[in-house]
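Here's a quick briefing for anyone meeting this structure for the first time. Have a look at it first, then read on.

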Amino acid sequence: MKSVFRKGDIKRHSFIVTEKDVAHFEKQAVHDVCATFTLAREIEWATRLFVLDMLEAGEEGIGTHLNIQHVAPALIGEEVNIIAEFNDIVDKEIICSYTAKVGDRIVSKGTTGQKILPKEKLNHIFNNLSK
């Protein structure tokens, strides 16, 4: 794992909320706002941008935790901007915090963890699960 970031370094990612990004349960939309699972996917990508720059040959990242605190909704058609901040590395786990905003309105905030491991180790774990 390359050590190329310091506490406070920032990565940014944006997306537009579409109709496919709202929560559907039993084929019915719950609200016409960005779903938690959509936020989760986009937040993980924003913080994975750090991981991608840190990987060495033969390594891969895997999520360890994701905390989402909702503060306000993001409506269909709005652009959500995620500001990911590098916090620390603990035992090869990259800890980040993030804030997701629409304009000045905070949509969510929280933390993520992603561990960098050898691909061989991950493959071994995954293969043993399927037996």
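Which strand does Phe25 lie in? Phe25 sits in strand β2, residues 22-25 (strands are DSSP runs of E, at least two residues, and helices are runs of H or I, at least four, numbered from the N terminus). Keep in mind that this is a predicted model, where local features need pLDDT of at least 70, side-chain atom pairs count only at pLDDT 80 or more, and totals for chains, interfaces and linings use all residues. Residues are numbered from 1 along each chain as its sequence is written, and side-chain values use heavy atoms, leaving out hydrogens and water.

**The sheet**
- Five strands make an open, antiparallel sheet in the order β1-β5-β6-β7-β4 (two strands pair if DSSP finds at least two bridges between them).
- At the edges are β1 (10-16) and β4 (59-70), and each of them pairs on one side only.
- β1 runs antiparallel to β5 (residues 79-90), and seven bridges join them.
- His13 has Ile82 in β5 as its bridge partner.

**The surface**
- Phe25 is exposed, with a relative accessible area of 54% (exposed means over 50%, buried under 20%, partly exposed in between, with a 1.4 Å probe and protein chains only).
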